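Visitor: I am new to protein structures and would like to learn how to read one. Could you walk me through it, feature by feature?

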Amino acid sequence: MPASETNKQLARLFLTASKVLEVKGDNRFKAIAFQRVGRLLEDLSEDVRAIFNAGGRKAIEAIKGIGASSSAIIVDYLETGRSVDYDELLASIPDGLLPMLEISGMGPKTIQAVWQQAGVTSIDQLAAAIADGSLAGIKGLGDKKQEQIRQGIELLAKAGERPRLGTAMNVALPMLERLRELPGVERAEYCGSLRRAKETIGDLDFLVTVEMQAKPADVLTAFSTFPEVDRILGKGESKASILTHGGLQVDCRVVPARHFGAAYLYFTGSKDHNIRLRGVAQDRGYTLNEWGIYSKDKWEKHKRKPGEPPTMDSEAGETEADVYAWFDLPWIAPELREDAGEIEAAQAGKLPELIELADYRGDLHTHTNASDGIASIEQMAEAAKALGYAFLAITDHSKSQFQANGLDTDRLIKHAAAIRAANDKIKGITLLVGSEVDILSDGKLDYEDAVLAELDWVVASPHVSLRQSADKATDRILRAIDNPYVNAIGHPTGRLINQRAGLPLDMAKVADRAAQSGTALEINASYQRLDLQDAHVKVALAAGAMLTINTDAHSTVGLSSLAGGIGTARRGWATKANVVNCMTLASLRKFIAAKRP
Ligand code: DGT
Ligand code: CA
Ligand code: CA
Ligand code: ZN
C-alpha cells in the first residue's frame, strides 16, 4: 500500500532534518536516527494521522523505530501543521546549503568545509569560488575534487532542463488522474518522451478526448487551474501549455475521439519515427498528420481553420493500430519509436516481443535492515509475495560499504542463516541468499571466494572509484565478471542521471565477457540510475549477454518501482528470453550452477 500524504510529508521533513544535522556535523547519531525515521515513514502503510487520532501520543511513541525526539516532532506536526524543533533546525543554517547536496561530489562534510572556511552559502557562490581559486588550501578540496564539483554543478544545471523519468512521472500521474475525473473527459493519456520511457524528459505532453457535448475549452480551463500550475504559458480552444511550480512544462491537447489514434501517434513521437512514417505515406500519395491519413490532393484543397479538426474523412486515425495497419505494419511499441530500425523490423515482421511487467518472476537485488534498508527479511518477502513473485534475492551490502552498514563475514553468515530460516517459514515464495558485494577499485571483491561460494546469488557492484579511466574501469569490471561466484554486475557504470557520469566502460568488451561467462548485466531500475542504459542494453543483447532487471529496493514500497527498468529494457529491444528475472526458479538455478566450478 502506498504511503499516505501525511506520511510522505513527515518523511520528507525527517530526511531534510537529517541532512541539516549532517551539514552541521554536530550530532551524527541523531542524523542517522532521523534518516531511519524518514525511511520508515515512507514505508509505513498505516496513515500516521490515523494512528494518532486513534491512540494519541502514546500510539506514535509505540511505532517501532520512532524515538522520543522524533515522536515529539511528529505530534507537534500533526497538531499544529508544523514542528518548532524542525523549523529551528532548518533556520540554523543558510538556505543555500542544502541544495548543494544535489551536486555530485558535495557531501555534508564538504558543504560544511566550504561554508565554515570560505563563507560559501549557495551554489552560485560555490561555482564562483572554484573559478577564482578561493577554495585553495581547504583540506579535502584539492584541484581534482574542485574539478569534480565544477562538473557536478554543470550537470545539475542540465537537470533543471530535463528532469529524470521518475520525477516527470510523479508530476504526470496525479495530473492525469485529475484530468480523467473532469466532467466530459473521455480519455486522457500522456504521450511524448514520457510514453517512450526516455531516461530524462523535456516536457510533458497530454492528450485528451471529450464527450460529444463537452467543450474542450472547459477542460483546458480546469487544467490550467490545477494546483501544480505556476504559470499559464498559453491557452486556446484545443491546447493549453502550463509551467508547474517545479519548472516542468505541460502541454495539453484536446482532440475529438475519432482522431485520437493519429494524435496519439503524432504526439508520442519520436519526431524521427513520425518523419519516417510520413515519408512512406507521401510515397503513396497521402499525408499523415495529427488528425489522420488523407489523400494529398484532397488535403491540400481542404479548407480548415488552423487548429480545428478537418471535416473530411480520414483513411485511418481512430486508433494507433488503425494507422499502422494502413501502412501494412503491426502496432509498434512506443519505446521502439526512435527510427532505430523499428520500421524496417516491423516491415519484415521481425519486431521483438518486448518484455512486460507480467513476465517478471522475481527481484534479484534488494536490501533489508541488515544493511541500509528499512524492512526486515520477512517484510520484504511478504511484499514480494504480494507482487506475485516466485523468488526474491536478499542482497545486502558488503563490509567496505560501512556507511551503508555493510556486513562483515560473521554478520553475513548469520544473515544468511536468518534468510534461510525465513524461507522455511514463509510459503509461496523462494528466498535466495545473496549479497551485493562491492567491486573494489582494482576489481577484487569485498568477500573471499569461500564466502561467496556459500551464497545462492551474488550481485557484484561498483560503488567507489567511479572516475577511473576506460581501461582501468573496464579491467575492473572484467575481473569481477571472471569470478565464478558472481552472477550479475549491479549498476555496471555507477552513473547517476544528471549527477554523475559513472565509469566509462568499454561496453562491448564487458558484454562479450558477460555472455561467455554466464554473468548477467543489471538494468538497475532506480530512476536515479537506469544503469545499464538503453544503448548499453542493445550492446549487451548483440553480444548475447543475459540481463537482470532489479529495483535495488531498500523498502517494501521500493519493490514496486520497476517500470523504469522495464522501460529501459524495452527501449533496448529486450524480450523476456533476455532477462534472468523472467526465468523459472529451476532455470535460474541452472544459470547460476553453469558458471560455478
Ligand atoms: P522531450 O519533450 O524533449 O523529452 O521529447 P518529446 O519527444 O516529448 O518531444 P516534444 O515534447 O517536443 O514533442 C512531442 C512529440 O510531438 C514528439 O515526440 C513528436 C511530435 N512533434 C513535435 N514537433 C514535431 C514536428 O515538428 N514534426 C513531427 N513530425 N512531430 C513533432
Ligand atoms: Ca515532451
Ligand atoms: Ca511538448
Ligand atoms: Zn544495492
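Guide: Below we take the sheet, the metal sites and the cores in turn.

Guide: This is a predicted model, in which local features need pLDDT of at least 70, side-chain atom pairs count only at pLDDT 80 or more, and totals for chains, interfaces and linings use all residues. Residues are numbered from 1 along each chain as its sequence is written, chains are lettered from A and ligands numbered from 1 in the order in which they are written, and side-chain values use heavy atoms, with hydrogens and water left out.

Visitor: How do I read a sheet, and what is the strand order here?

Guide: Helices (H or I, at least four residues) and strands (E, at least two) are DSSP runs numbered from the N terminus, and two strands pair if DSSP finds at least two bridges between them. Here, five strands form an open sheet in the order β1-β2-β5-β4-β3, and the pairing is mixed. The edges are β1 (185-190) and β3 (229-235); each has a single partner strand, so one side of each is left without a neighbour in the sheet. On average, neighbouring strands of this sheet are turned by 20° against each other, direction ignored.

Visitor: Which strand does β2 run parallel to?

Guide: Strand β2 (residues 204-210) runs parallel to strand β5 (residues 249-255), and six bridges join them. With β1, the pairing of β2 is antiparallel, over five bridges. Arginine 187 is opposite threonine 209 of β2.

Visitor: Is β2 mostly covered or exposed?

Guide: Buried means under 20% relative accessible area, exposed over 50%, and partly exposed in between (1.4 Å probe, protein chains only). In β2, seven of its seven residues are buried, and the strand is mostly covered. Leu204, Phe206, Val208 and Val210 point one way, while Asp205, Leu207 and Thr209 point the other way.

Visitor: Which helix lies across β1, β2 and β5?

Guide: Contact means heavy atoms within 4.5 Å, and for angles, axes are lines fitted to C-alpha atoms (for helices over the stretch in contact), with values from 0 to 180 degrees between N-to-C directions. Helix α12 (residues 260-268) lies across those three strands and runs at about 175° to β2.

Visitor: Why is the arrangement around the zinc ion (ligand 4) irregular?

Guide: Four donors count as tetrahedral if all angles lie between 85 and 135 degrees; four count as square planar and six as octahedral if opposite donors are over 155 degrees apart and all others between 65 and 115; anything else is irregular. The zinc ion (ligand 4) has His365 (NE2), His367 (NE2), Glu436 (OE) and Asp552 (OD) as protein donors, 2.1 to 2.2 Å from it. The four donor atoms subtend angles of 82 to 170°, and therefore the arrangement is irregular. Histidine 365 is in the loop between β8 (362-363) and α17 (377-386) and glutamate 436 is in strand β10 (residues 430-438), so this pair ties together parts 71 residues apart in sequence. Both histidine 365 and glutamate 436 are buried.

Visitor: Last one: how many residues are in the largest nonpolar core?

Guide: In soluble globular proteins, nonpolar side chains tend to be buried together. A nonpolar core is a set of buried Ala, Val, Leu, Ile, Met, Phe, Trp, Tyr and Cys residues joined through side-chain atoms within 4.5 Å. The largest one here has 62 residues, and Ile489, Leu521 and Ile549 have the most contacts inside it. A second, separate core has 47 residues, including Leu97, Leu101, Ile111 and Leu141.

Terms used: Donors are N, O and S atoms within 2.8 Å of the metal (3.2 Å for Na, K and Ca); water is not among the atoms, so sites may look incomplete.
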